[in-house]
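Trainee: Please take one part of this model and go through it closely, then move on to what else is worth a look. Keep the cut-offs with the terms.

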Amino acid sequence: RYSLFYNRLKNIEENEGGLDKFSKSYKTFGVNQFVDGGVYCKEWAPGAEAVFLTGDFNDWNPFSHPYKKMEYGKWELFIPPGQDGFSPVPHGSKLKVVIRAQNGELLYRISPWARYVVRDEDKVNYDWVHWNPPQSYIHKNPSPRRLKSLRIYESHVGIASPEGKVASYKNFTYNVLPRIKDLGYNCVQLMAIMEHAYYASFGYQVTSFFAASSRYGTPDDLKEMIDVAHSMGITVLLDVVHSHASKNSEDGLNKFDGTDSCFFHSGPKGTHQLWDSRLFDYANWEVLRFLLSNLRMWIEDYRFDGFRFDGVTSMLYHHHGIGTGFSGDYNEYFGLHVDEDALCYLMLANHMIKFLHPECITIAEDVSGMPALCRPVAEGGGGFDYRLAMAIPDKWIQIIKELKDEDWNMGNIVHTLTNRRYEEKYIAYAESHDQALVGDKTLAFRLMDAEMYTNMSVLSPLTPVIDRGIQLHKMIRLITHALGGESYLNFMGNEFGHPEWLDFPRKGNNESYHYARRQFNLTEDHLLRYRFLNAFDRDMNKLEERFGWLASPPAFVSEKHESNKVIAFERAGLIFIFNFHPYQSYVDYRVVIWYSSLIVIFKYKILLDSDAAEYGGHQRLDHSTEYFSEEYPHNYRPNSIMV
């Protein structure tokens, strides 16, 4: 693998003037403004017989501005400035690339490199709009320093409002970012930014890879949003989709040059069976140029601080993970079923990012557990910084759906939370954004279900269902946060147990926005119990910020007691004790401490208590109590404390 990577990198150095120049192609491809007022246009359309540029600037004459055919399927066009010295293609004017296909058909296409596309309300397809404002947004704040403890707030701009509408970048900037900061998250991961024609695709059917979604506002609005986040010390990651592309041809990449291939594999190999989307040909030189340039554009133009790569499992294997289970056997990760070209692209992407912008962070969404994916490329690894611990949310779903409280297996919970490859960093999360979608249920909804509609008011009795749901919601999130990885992620709204599901407007719901929103206002109503969960999530993050357990070595688990339903472990100098028993409390309970000293007596106090009144608990613990270490052997350690 490293040999393949090295040979590709060497070819780029020898034939393209180096990775820096190769990945900067976004400045020359598409339609780009020259300083002297002229416009330089460049496309890659290997299957085209001829290429033209048309639009408002030439009254939509499809043949007046032909491209010149270059080698390797490239086409170039230079339009000189007008007599007044200004650009012949004004800012805000609409454009199309006209492709004469091999069968003679004229195809009107959006450039794959288009920076801004919009859809009029009375139209189905998007239009390409030339974005070249007289004064683009100027960033004022530097990016935050690389974080040791990553607390990620996964967000979708369009649903980030209690109102039933598509929310804006401006709304996120001034209403949501302060909330994220207050909750103690230091990183925001933005979904559905790359332009996607179908809103209900959650942003995973990308049509224009270089365009920030116009449904939320302008490119400058997004730049301002990122700049304001940086001023708050918040790192901003982009959910990047390089695993597949939308099948749209009128406003997407599909059949751009009139052929079945171009950016993709031809035939069945180029289509994902489940997603009904196109699959990139990662061995193709121009596809590598396109994707690497895409990453660099988002970093350098918008100032994103890194990426979460979506669908990595689909990229890594020719079977795309369809109908395949992964047990951890190494035969599953090495063989002809692995797409080495895709893996080589990921290695190149990570190498480029670390070489040009070493402060950037990359995350892999891989369910297979590919070994060394999060080890440096120089070691033959994939080069990612983190991978998502995708088994954890699945485990919590399975436990809550299938087991009675008294049948919860403490050892199995601990195993799932700690089962990760040594020196590969994992991002722990208790529930995924997919669980919030219609047809599935969030943790809060699984725990409390219909009673969330009737019994979340403090004026109503605290029923057993709501009581159990609130307490387990806090405990599950804390143990996942503290034991599950080297970073933590939460999908927006789940921190306070957002009621109902997430459903984007579509024909099946009469294009309703009623469920395509996040009701942040519920946490501000002091008569509702959502504020208890919100407060606990905030204080949990603030405690991690203070002690940094995510950046600490893995926890020392001292107890997994099946009959007592108690889990105890130590990390970053803190002792975490969880009582998952459905009805049994304990007094004088002995717990191991890691430190052993015949001279020093250690004193402990309660820092965070899920049973505290401000978190909707029953106040059964006295927070003024001090706990002292004793030279009393317990669970094979010499020292312990009584709690």
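Mentor: Exposed means over 50% relative accessible area, buried under 20%, partly exposed in between (1.4 Å probe, protein chains only). The model is predicted: local features need pLDDT of at least 70, side-chain atom pairs pLDDT 80 or more, while totals for chains, interfaces and linings use all residues. Numbering starts from 1 along each chain as its sequence is written, and side-chain values use heavy atoms, without hydrogens or water.

Start with leucine 459. Its relative accessible area is 71%, so leucine 459 counts as exposed. It sits in the loop between α10 (443-448) and α11 (464-483); helices are DSSP runs (H or I, at least four residues), strands likewise (E, at least two), numbered from the N terminus.

Now the open sheet. Its 3 strands run β22-β23-β24, paired antiparallel (at least two DSSP bridges per pair). The edges are β22 (556-561) and β24 (574-579), each pairing on one side only. From one strand to the next, the twist averages 10 degrees (lines fitted to C-alpha atoms, for helices over the stretch in contact; angles from 0 to 180 degrees between N-to-C directions). Between β22 and β23 (566-571) there are 5 bridges. Histidine 561 has valine 566 of β23 as bridge partner. Helix α9 (410-418) packs on this sheet, touching β22 and β23 (heavy atoms within 4.5 Å). The direction of α9 makes about 155 degrees with that of β22.
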